[in-house]
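Subject: Structure for you to look at

Dear colleague,

Here is the structure I said I would pass on. My notes on it follow below.

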Amino acid sequence: MKKTIVALIYDFDKTLCDRDMQEYAFIPNLGLESEEFWHEVDEFAINNRMDKILACMYMMVHKSEKKGTPLKRETCINLGQYIKFYPGITEWFSRINEYGKENNIEIEHYIISSGLKEIIEGSKIGDKFKQIYASEFFYNEDGNAMWPKLAVNYTNKTQFLIRINKGILDISDDNGLNDKMLENDRRISTSNMIYIGDGYTDVPCMKLTKEHGGVSIAVYTNKTCNMAKKLLNDGRINYMIKSDYREGTEMDEIVKKTIKSMVINTELKNITYKQAND
């Protein structure tokens with residue numbers, strides 16, 4: 001009998017931290033206000049009929065070169081140290097992992113983000129994830145960003161849920177992703193997934209997870225409470241929870257209860273499957 005795994009899958013910006021990751025240091029280092037930078041990105045995308053994530057990546061490279069400091073991988077990684085996380089995040093992963101061990105279940109953490117992978121890797125929690133799916137640059141021999149290696153936008157996020165489900169984690173493996181695979185052969189059942197996001201850009205993943213038996217959670221602050229309520233009222237999520245990950249909070253308790261429920265449901269499925277094949 002295969003080992004039971006529960007996957008906790010997170011968006012990043014405004015889900016684990018309180019703003020877009022470029023706003024902590026990258027944009028201020030350009031001498032710009034956040035509103036000005038994002039306005040230029042939106043305008044560039046509209047004028048060129050361009051995907052907004054690709055437009056953002058282009059503007060990061062363009063603005064850096066214009067300032068005379070080419071965008072390098074090491075620069076992006078260093079930007080990660082400036083990210084400020086919601087309360088409890090830095091202790092969250094070890095605590096949830098330990099809860100999994102106590103219940104004889106393996107916990108894996110994943111990121112699916114439109115933000116920049118390199119910045120996430122350089123943050124305090126960059127080493128906590130089984131896999132980080134996020135937008136990423138290809139760098140030349142001098143370490144300068146040359147081309148988008150991966151652009152994760154709001155609608156293509158769902159492919160990464162399927163990769164996690166099947167265990168096909170290498171993004172260059174399209175054949176494995178599209179090959180037929182029986183549900184019982186898949187590495188992590190979608191019903192054993194918890195997706196945590198913050199807003200409309202997470203809706204495709206929230207909906208897919210919830211509709212296939214998993215649990216979707218929208219985190220919110222005082223400013224984004226109404227958005228979370230709408231997601232809940234529209235049936236896109238199972239829970240809306242305040243962005244506090246400390247021990248004993250609503251987030252802590254609901255995630256632990258959900259994991260416990262997934263353990264019980266998996267055991268029942270395994271018993272049913274065994275009886276059907278005896």
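The model is predicted. I start with the charged side chains. Lysine 230 and aspartate 234 form a salt bridge, with N and O 3.0 Å apart. Lysine 230 is partly exposed at 39% relative accessibility, and aspartate 234 is partly exposed at 41%.

The search of the whole structure gives 14 salt bridges. One of them joins lysine 63 to glutamate 40, with 2.7 Å between the closest N and O atoms. This pair links distant parts of the chain: lysine 63 sits in helix H3 (residues 52–67) and glutamate 40 in helix H2 (residues 34–47), 23 residues apart. Lysine 63 counts as buried, because its relative accessibility of 12% falls under the 20% cut-off. Glutamate 40, at 22%, is partly exposed.

Aspartate 244 and arginine 246 also pair, their closest N and O atoms being 2.6 Å apart. Here aspartate 244 is buried at 16% relative accessibility, while arginine 246 is partly exposed at 46%.

As for the overall fold, the protein chain has 11 helices and 7 strands. Its radius of gyration is 20 Å, close to the 19 Å from the globule rule for 278 residues, so the chain is as compact as a globular protein of that length. Buried residues account for 50% of the 278. Of the contacts between residues at least 6 apart in sequence, 58% join residues at least 24 apart. The mean positions of the 38 positive and 42 negative charges lie 4 Å apart.

Regards

Terms used:
Residues numbered from 1 in each chain as written. Predicted model: local features only at pLDDT ≥ 70, side-chain atom pairs only at ≥ 80, totals over all residues. Heavy atoms only, no water. Helix = DSSP H or I, 4+ residues; strand = E, 2+ residues; numbered from the N terminus. Rg over C-alpha atoms; globule rule 2.2 N^0.38 Å. Buried < 20%, exposed > 50% of the residue type's maximum accessible area, 1.4 Å probe, protein only. Contact = heavy atoms within 4.5 Å. Lys, Arg positive; Asp, Glu negative; His and termini not counted. Charge placed at Lys NZ, Arg CZ, Asp CG, Glu CD. Salt bridge = Lys/Arg side-chain N within 4 Å of Asp/Glu carboxyl O.
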